[in-house]
Amino acid sequence: MISQQSIQQILSRIDIIEIVGGFVKLKKRGVNYLGLCPFHNEKTPSFTVSPTKEIYKCFGCGRSGNTISFLMDHEKYSYVEALRWLANKYNVDIEETETSPEARQVQQVSDSLYILNNFAQQYFSNTLFTLEEGQDNGLSYLKERGFREEIIKKFQLGYCLQARDAFATTALSAQYNPEILQKSGLTVMRDDKLVDNYRGRIIFPVHNHSGKILGFGARIIGKNDKAPKYINTPENEIYVKSKILYGSYFARQAIDKHDECLLVEGYTDVISLHQAGIENVVASGGTSLTQDQLRLVKKYTNNLTIIYDGDSAGVKAALRGLDMALEEGLNVKLVLIPDKEDPDSYVHKLGAAKFQDFIKANKKDFIIFQLEVSLQDAGSDTTRKAEVVNQVAETISRLNKVEDFTKQQDYIRRSAEMLKIEETGLNALVNKFIRQRISKQEIKLPFDEAKYYEEQTQQKGYEDDTMVLLQKDEVQERALVRCLIEFGLKSWDEHVRVADHIFEEYPDLIDDMRLLRIVEIYKTWHEAGLEPTDKNFLYHEDQQLSREVVSLLDFPYELSHNWKEHFEGKIFTREELYLEEVKSTMNYLKLRKIKKLIEENQKDLERLHTSEEQIILIQTHQHLKQLEIDLTKQMGTVILR
Ligand SMILES: [Zn+2]
């Protein structure tokens with residue numbers, strides 16, 4: 001966790017023009033900057049950056065955000081990664097906050113799991129190489145499958161004895177915690193006793209990219225239709241399947257060197273290829289690729305080559321994850337291994353050199369491959385061909401980074417050729433998909449919202465301020481939250497700040513849940529001794545919240561005529577009149593509350609009551625009415641829109 005103080009320090013240094021300008025070529029146009037949008041493909045610039053608002057907005061595709069969301073979208077960083085990147089850029093030392101008890105608990109469990117896994121790996125390897133059962137069952141099987149001893153040792157393979165609880169007993173007598181033992185998946189509880197989970201199986205440790213053992217895969221020896229071929233570690237604090245690429249630790253340097261990552265399905269495929277000298281290879285574990293796995297690949301290279309079995313299930317699994325790979329900006333190639341073979345068996349059959357030649361000669365571009373397959377499927381059916389056109393446009397639209405622009409144009413050209421359709425038509429279709437996706441991602445655009453209110457008020461004219469005021473309760477609620485963000489730190493009187501004053505009353509004044517949340521967040525920051533400003537919201541981790549605050553502050557602001565008359569034409573800034581603004585906004589909302597109470601009270605009066613109750617209700621009514629009159633008098637003096 002990065003401390004709020006550090007975050008504030010980073011935020012105060014942010015220069016959106018400098019940051020966005022590092023990725024997009026920007027030219028000054030008036031107060032704003034303009035460039036070619038990095039999120040959709042365009043030839044004339046419509047990507048606008050406002051240095052004063054610290055926001056960007058593309059008028060072509062509608063994407064908008066702040067510096068941090070730009071880094072998150074463009075560089076695929078998480079919020080925290082973006083902050084760290086900025087801290088590094090601006091030489092801000094990051095101060096980490098003390099971890100919460102929950103986080104500490106997770107950390108402790110994680111540490112225990114790593115220690116236990118390490119112990120288990122050594123135990124299983126030892127069993128494989130030194131015990132008779134290990135050698136006879138495990139080692140001989142691995143050798144039969146063509147694995148040499150040095151590769152077995154490199155990947156730290158092992159063997160689990162067939163006995164019911166050989167490992168569990170050893171681990172317990174070495175003082176390992178029974179709960180951690182179960183969490184690790186190495187043992188399970190049967191009739192109140194811990195027994196081994198991987199009995200009679202070959203053990204494949206699964207390492208993270210720095211070599212720590214996250215968990216295990218346990219493969220059955222020989223054929224057994226009743227038992228699963230592999231048992232894997234259950235999801236726990238450190239084993240998160242969607243984030244694991246088997247072999248990444250052993251492949252890192254080779255991937256870097258070749259600037260390419262080969263992806264196969266299983267553990268043994270990885271090990272066999274390694275043995276054949278092809279080391280830039282990882283395995284996905286047979287499921288379709290996840291975004292986290294793709295990001296892991298992208299840390300090392302942009303070139304991903306997927307090697308899959310010829311059977312259709314494997315191809316389909318491969319194709320499923322690939323649209324995402326395109327979005328991550330990866331160049332995806334596909335190599336199909338001939339029928340009834342897998343990379344493991346095929347490399348054994350061909351030998352290393354021929355296998356590498358085969359990969360080189362059979363690499364297919366993913367988009368073109370997909371198009372070929374679908375075109376073949378569609379045949380001469382025109383409806384289905386139309387579907388293919390849509391599908392390929394959708395896929396191409398996922399290449400939406402600046403550096404992908406030429407690649408995208410190239411695909412459009414090649415696909416149009418294959419489909420025998422107009423290139424410009426396909427180009428337009430691709431842009432349509434980009435727009436659609438972006439508008440789906442951005443549920444609510446702050447600018448559009450602001451425009452809506454602008455239009456509303458323009459239609460009515462400013463003379464009708466009171467009318468607008470009464471119709472638009474929400475406007476006043478928004479105005480109050482805006483006051484809090486803009487003037488919260490100023491003094492209300494000699495004792496308290498504006499924020500303190502608002503905190504006393506806000507639960508009665510604000511109904512809108514989203515606005516309430518903004519106030520609550522401000523309050524926690526304020527109570528933690530921070531001095532929150534709009535920037536804290538603008539760069540908040542929650543992008544939706546950030547957008548809401550932007551739209552709040554972006555709201556067109558003008559003094560009403562009454563207001564101007566009241567001050568006899570003198571020109572004041574909002575800053576100078578903040579007390580009046582806070583007061584009148586709160587008064588309006590209080591008045592609304594009172595009106596509601598009067599209404600409820602009246603409804604209550606209409607029901608049958610005892611005379612005593614009647615009296616109380618009437619007194620309440622009179623009291624509320626008086627409050628209403630007082631407030632209206634105060635408000636009559638100044639009215640703010
Ligand atoms: Zn755009």
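Tutor: Two strands count as paired here if DSSP finds at least two bridges between them. Strands themselves are DSSP runs of E with at least two residues, numbered from the N terminus. Keep in mind that this is a predicted model.

Now the part you asked about. Strand 1 covers residues 27–29 and strand 2 covers residues 32–35. They run antiparallel, and 3 bridges join them. That passes the cut-off of at least two bridges. Arg29 faces Asn32 of strand 2 across the pair. The hairpin leaves 2 residues between the strands. In this hairpin, Gly30 has a positive phi near 65°.

Strand 2 also pairs with strand 3, residues 47–50. This pairing is antiparallel too, again with 3 bridges. Here Tyr33 sits opposite Val49 of strand 3.

Next, the setting. The protein chain has 641 residues, and 48% of them count as buried. Its secondary structure comprises 29 helices and 16 strands. Take contacts between residues at least 6 apart in sequence: 67% of them join residues at least 24 apart. The accessible surface is about 32,200 Å², and carbon and sulfur atoms hold 50% of that.

An open sheet of 5 strands has the order 13-12-14-15-16, with mixed pairing. Its edges are strand 13 (281–283) and strand 16 (364–365), each pairing on one side only. Strand 15 and strand 16 run antiparallel and are joined by 2 bridges. Lys333 stands opposite Asp365 of strand 16.

Asn331 belongs to strand 15, residues 331–336. Between Asn331 and Asp365 lie 34 places in sequence, yet their C-alpha atoms are 8.3 Å apart. Leaving out residues up to four places away in sequence, Asn331 touches Asn302, Asn303, Leu304 and Lys407. With Lys407 there is a polar contact, side chain to side chain, at 2.5 Å.

Ser546 lies in helix 26, residues 543–554. Ser546 counts as buried because its relative accessibility is 3%, under the 20% limit. A polar atom of the Ser546 side chain lies 2.8 Å from the backbone oxygen of Leu538. Leu538 is also among the residues that Ser546 touches, along with Asn66, Phe537 and His540; residues up to four places away in sequence are not counted.

Last, the open space. Rolling a probe the size of a water molecule over the atoms shows where empty space is left. The second largest pocket holds about 490 Å³. Its lining has 23 residues. Tyr230, Glu265, Gly266, Tyr267 and Gly285 lie nearest the pocket centre. Strand 11 (230–232) and helix 11 (267–275) each give at least two residues to this lining. Helix 11 gives the most, with 3 residues.

Key:
Residues are numbered from 1 along each chain as its sequence is written. This is a predicted model: local features need pLDDT of at least 70, side-chain atom pairs count only at pLDDT 80 or more; totals for chains, interfaces and linings use all residues. Side-chain values use heavy atoms; hydrogens and water are left out. Helices (H or I, at least four residues) and strands (E, at least two) are DSSP runs, numbered from the N terminus. Buried means under 20% relative accessible area, exposed over 50%, partly exposed in between (1.4 Å probe, protein chains only). Contact means heavy atoms within 4.5 Å. Accessible areas come from the Shrake-Rupley method with a 1.4 Å probe; for residues, only the protein chains shown count as cover. A polar contact is a pair of N or O atoms within 3.5 Å; within protein, one must be able to donate a hydrogen and the other to accept it, and residues adjacent in sequence count only if both atoms are side-chain atoms. On a 1 Å grid over the protein atoms alone, a cavity is a set of points where a 1.4 Å probe fits but cannot get out, and a pocket is an open set with protein on both sides within 12 Å along at least five of seven lines; lining residues have an atom within 4 Å of a point. Grid points are joined across faces, edges and corners, and a volume is the space filled by probe spheres set on the points.
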